[in-house]
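Please read them with the structure open.

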Amino acid sequence: MNESLAKHYLDDALASFRTNKKLAEKALDQLKDEEYFVTLDAESNSIAVIMKHIAGNMFSRWTDFLTSDGEKPDRNRDMEFVIGAETTKDDVRDYWDRGWACLFNALEPLQPQDFERKVLIRGEAHTIVQAINRQLTHYAQHIGQIVFLAKHFRSAEWKSLSIPRNKSAAFNAYLAGSPKQQPGTEDRFDEVVSFGNKVEEEKI
């Protein structure tokens, strides 16, 4: 991969990870503390479990990313789906934050020449692009579950994190009135959230 393409890919991947994190956290900020631990049925995961699993995966995949298998021998994946009775919301958020820090600490220093390397996940060789894409899609799937559950718990009190229902035309008009620019991934998400807040405040 040539240098400019590698840099463009990495910048966009990092922006996508940051946007996914921001999306999840704007949903989490709407929850009551006890709602982190609610399950819809016996086969469902709570938001706390999903967060613990994502963070556990991050510690395994991104620790010594370039030099060790992404499935660490000391990882206990099954325990990522168990929440102790003593666990608090703050415990879960702290673990979540440390998982994301592990990811960004691994990816932000990457150089274009690193994209010529291969890394292992469960013994299977991946290009750097494949390894990043594998986790980007994995985390996005689970973050969608977090947002779904948070919206379910908040119901009519939910503050939209996407274009509000029946407001697509209004959003297009809102964008048309904004200064012309080339928004990045994070900027596009922020614009949607800002529009949603405007809808709530002005009932447009």
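1. A definition comes before anything else. Ala, Val, Leu, Ile, Met, Phe, Trp, Tyr, Cys and Pro count as nonpolar, Asp, Glu, Lys and Arg as charged, and the others, Gly among them, as polar. On that basis the lining of the largest cavity divides into 6 nonpolar, 3 polar and 1 charged residues. Keep in mind that this is a predicted model.

2. The overall layout. The chain holds 6 helices and 2 strands. In sequence order the pattern reads α-α-α-β-β-α-α-α. The C-alpha trace spans about 55 × 50 × 25 Å along its principal axes. Of the 204 residues, 42% count as buried. Take the contacts with a separation of 6 or more: residues 24 or more positions apart account for 76% of them.

3. The cavity. The structure has 1 cavity of 30 Å³ or more. The volume of the largest cavity is about 50 Å³. Its lining is made up of R61, W62, F65, S68, G70, V119, L120, I121, A131 and Q135. Three elements, α2 (47-62), β1 (118-121) and α4, each supply at least two of the lining residues. Strand β1 gives the most, with 3 residues.

4. Is Q135 buried or exposed? Q135 sits in helix α4, which covers residues 128-154. Its relative accessible area is 1%, and the cut-off for buried is under 20%, so Q135 is buried. The Q135 side chain has a polar partner: a polar contact of 2.8 Å links it to the side chain of N57. Setting aside residues up to four places away in sequence, Q135 touches F17, N57, R61, W62 and I121. Q135 is also one of the residues lining the largest cavity.

5. In soluble globular proteins, nonpolar side chains tend to be buried together. Here the largest nonpolar core has 46 residues, and those with the most contacts inside it are F17, I47, W62, F65, L103, L107 and I132. Two or more residues of this core come from each of α1 (3-28), α2, α3 (89-107), β1, α4 and α6 (185-202). Helix α4 gives the most to this core, with 11 residues.

6. A closer look at L103. Neighbours within four places in sequence are left aside here. L103 is then in contact with F17, M58, W62 and Y139. F17 and W62 are also among the residues with the most contacts inside the core. Both F17 and W62 touch Q135 as well.

7. The second largest pocket. How much space lies in it? About 150 Å³. Its lining consists of K52, G56, F59, S60, T63, K72, D74, R75, N76, M79, E80 and Y95. Helix α2 gives the most to this lining, with 4 residues. By class, the lining has 3 nonpolar, 4 polar and 5 charged residues. Helix α2 also supplies at least two residues to the lining of the largest cavity.

8. A170, for contrast with point 4. This residue, A170, lies in helix α5 (residues 168-176). A170 and V199 are 29 residues apart along the chain, and their C-alpha atoms are separated by 9.4 Å.

Technical notes: Residues are numbered from 1 along each chain as its sequence is written. This is a predicted model: local features need pLDDT of at least 70, side-chain atom pairs count only at pLDDT 80 or more; totals for chains, interfaces and linings use all residues. Side-chain values use heavy atoms; hydrogens and water are left out. Buried means under 20% relative accessible area, exposed over 50%, partly exposed in between (1.4 Å probe, protein chains only). A polar contact is a pair of N or O atoms within 3.5 Å; within protein, one must be able to donate a hydrogen and the other to accept it, and residues adjacent in sequence count only if both atoms are side-chain atoms. Contact means heavy atoms within 4.5 Å. On a 1 Å grid over the protein atoms alone, a cavity is a set of points where a 1.4 Å probe fits but cannot get out, and a pocket is an open set with protein on both sides within 12 Å along at least five of seven lines; lining residues have an atom within 4 Å of a point. Grid points are joined across faces, edges and corners, and a volume is the space filled by probe spheres set on the points. A nonpolar core is a set of buried Ala, Val, Leu, Ile, Met, Phe, Trp, Tyr and Cys residues joined through side-chain atoms within 4.5 Å.
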